[in-house]
Amino acid sequence: MNRPPLRVLIAAPRGFCAGVDRAIQIVELALERFGVPVYVRHEIVHNRFVLDRLRLMGAIFVDELHEVPDDRPVVFSAHGVPKSVPANAQHRGLTYVDATCPLVSKVHRQAERLIADGLHILFIGHAGHPEVIGTFGQVPEGSITLVETVEDARSVVVGDPDRLAFLTQTTLSVDDTAAIVDALKTRFPNIRAPRSEDICYATSNRQAAVKAIAPDCDKMLVIGAPNSSNSLRLAEVAERLNVPARLIERAANIDWDWLGRPKVLGVTAGASAPELLVREVIDALRTRFDVTEEIADHSPERMVFKLPRELVA
Ligand code: SF4
C-alpha cells in the first residue's frame with residue numbers, strides 16, 4: 001500500500017515532569033515498604049494509564065480518607081491536599097505519605113506567609129481543580145479568593161486594595177496568566193507578587209516547546225488526560241497559534257477523519273503522560289502514513305525532586 005508521507009515533529013520537552021515522576025515512585029516505594037494494598041487519595045497524577053498500572057501493582061484509589069481502613073497506609077496525590085487531610089490522617093493514627101509536588105508545596109508555604117503578613121490572597125486558577133482545593137485548604141476560609149479570568153480580575157470585590165497579594169496554580173497558561181496579572185496590577189498597583197513565578201518549569205517549558213514547533217505544523221496531537229490541566233493548556237496554546245489540536249488519551253482516540261492528510265503533524269504530551277503513549281501514537285500513525293520523525297531541538301530538563309525520607313531511609 002502506498003502510504004502518504006507525514007513529517008512528525010515531536011515537541012521537547014514533553015511528558016513526565018519531576019513532580020509526576022516522584023509521585024509515581026512514592027506509590028511504588030510505598031507498595032514495596034508496606035506491602036499491598038496501599039491506598040491513594042485521589043488520582044496520584046491525572047493519567048488513566050499510570051493509574052491502571054499502579055492498580056495492578058496493588059494501589060487502591062479512593063476519593064476521601066474515610067474510605068481508607070485504619071491499618072493501611074495512604075498516599076496523598078501530587079496536586080496537594082488541604083491541611084485538614086493530613087490532620088485527619090494523624091488523628092486516626094494512619095500511616096501516610098505526602099506525594100505533593102514540592103513546587104505545589106512551595107505555593108502552599110507562600111500562601112501561609114502572606115496570611116501571616118495580614119494580606120488577602122487573590123488566587124489565579126481553575127475552580128474545582130484538586131490543586132486549587134489543596135491550596136485553599138492551607139489558609140483560613142475567606143482569606144483567599146479565586147480569580148479565573150481577566151473579567152474576574154476586573155470585577156473581584158476586595159476589602160483593602162492595599163493589603164492584597166496574588167498567587168497562581170502551577171499548571172496554567174503562561175499567556176492567560178500574564179493577562180490576568182496585568183489586569184490585577186492595573187486595578188491594584190500595590191498588590192504583592194510571588195517572589196518567583198508559581199507556574200512551574202514543566203508547564204512553561206512544555207508550552208514553549210509547542211510554540212516552537214507550531215509554526216511548522218498543520219495539526220497537533222496532545223497526549224494527556226481530559227482532566228489534566230497542563231495537557232489542556234498545551235492544546236490551547238497550539239489552537240491559539242491557528243494549529244488545530246486534539247487532546248487524546250492514547251492512540252485508540254485518534255480521530256482519523258479529523259486528522260485527514262496533514263503534511264506536518266506536531267505531537268506532544270502533558271506532564272502526566274508516559275512516553276510509552278507517545279510511542280504508541282507514532283506507531284499508529286505509521287500504519288497509515290510514511291512517517292519521518294523529528295525531535296525538536298531543546299534544552300534537556302534536569303529537575304529531580306528528593307523522595308520523602310520515610311521511604312528511602
Ligand atoms: S506539573 Fe509542575 S507542579 Fe505539577 S507535578 Fe509537575 S513539576 Fe510539579
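Trainee: Why does the distance between the end C-alpha atoms of helix α9 (residues 229–240) agree with what its residues should span?

Mentor: First, some ground rules: this is a predicted model, where local features need pLDDT of at least 70, side-chain atom pairs count only at pLDDT 80 or more, and totals for chains, interfaces and linings use all residues. Residues are numbered from 1 along each chain as its sequence is written, and side-chain values use heavy atoms, leaving out hydrogens and water. Helices are DSSP runs (H or I, at least four residues), as are strands (E, at least two), numbered from the N terminus. A helix's expected span is 1.5 Å times one less than its number of residues. With 12 residues, α9 should therefore span 16 Å, and its ends are 17 Å apart, which agrees.

Trainee: Which residues of α9 are buried?

Mentor: Buried means under 20% relative accessible area, exposed over 50%, partly exposed in between (1.4 Å probe, protein chains only). In α9 that covers S229, N230, S231, R233, L234, A235, V237 and A238. Their cover includes α8 (201–213), β9 (219–223), β10 (245–248) and β11 (264–269).

Trainee: What comes just after α9?

Mentor: N242, with a positive phi of about 65°.

Trainee: And A30, is that buried or exposed?

Mentor: A30, in helix α1 (residues 18–34), counts as buried because its relative accessibility is 0%.

Trainee: What does A30 touch?

Mentor: Contact means heavy atoms within 4.5 Å. Leaving out residues up to four places away in sequence, A30 touches G35, V38, V75 and L311.
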